[in-house]
Amino acid sequence: MSALGGWVAVGAAIPTVWFLSRQVRDAEKQHRTIVSIQTRPTYMLAKKAAETSLSIKAQCEETIGRWEVMKLPRNLDSLRSAVERLEFLHHFIDRIEFARMQTEIEFTLLRPEQLISSIDEAARIVKSDLDELHIERVSYAREAVIGTHKHAVLYLEQVHEICQSYISDFDRITEHLR
């Protein structure tokens, strides 16, 4: 009789273990679903920041290429052009999605505040040269445009790398939803 009771216990344990393992799988799937719903805005932010960083990076690289080969005449138009490029770059980098990425996903090694500060400082110096008619400083203006754009490219590469890492982690975690 006691042997029969052991076999009955085994018979009852098999469905119980199967049922519990199914519950664990379902709970894990539900947890991943909840996590994906809660983190979707951050995921969309990462996608937007990654796309934007690639687009701006391409424009910065184009500017670097043009300004490296360009023979700038020593005149006020060259200084004005440099100020315009620096102000344009400032507006490219000072974006809400990059600021949010820094707080919601991960920090870049090159801080956007530092980059914006260096762009503003370069623009201030070139504007001062323009105001004081220092056309002999066109070469400085050229180097300021090239240098700040190179730093921007490094920053944008970091933004893209961080966002892509977040996106791939998110995709891996929410794989079951597809």
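Analyst: Buried means under 20% relative accessible area, exposed means over 50%, and partly exposed lies in between (1.4 Å probe, protein chains only). The model is predicted, so local features need pLDDT of at least 70 and side-chain atom pairs pLDDT 80 or more, while totals for chains, interfaces and linings use all residues. Residues are numbered from 1 along each chain as its sequence is written, and side-chain values use heavy atoms, without hydrogens and water.

User: Is valine 83 buried or exposed?

Analyst: Valine 83 sits in helix 2; helices are DSSP runs of H or I with at least four residues, strands are E runs of at least two, and both are numbered from the N terminus. Its relative accessibility is 8%, so valine 83 counts as buried.

User: Which residues does valine 83 contact, leaving aside neighbours within four places in sequence?

Analyst: Contact means heavy atoms within 4.5 Å. Valine 83 and arginine 124 are 41 residues apart in sequence, with their C-alpha atoms 8.3 Å apart. With neighbours within four places left aside, the contacts of valine 83 are Ala123, Val126 and Lys127.

User: How are the rings of phenylalanine 98 and tyrosine 155 arranged?

Analyst: Rings of Phe, Tyr and Trp (its six-membered ring) pair if their centres lie within 6.5 Å; planes under 30 degrees apart are stacked, over 60 edge-to-face, and the rest tilted. Both tyrosine 43 and phenylalanine 170 are buried, and so are both phenylalanine 98 and tyrosine 155. The centres of phenylalanine 98 and tyrosine 155 are 6.0 Å apart and their planes are at 85°, so the pair is edge-to-face.
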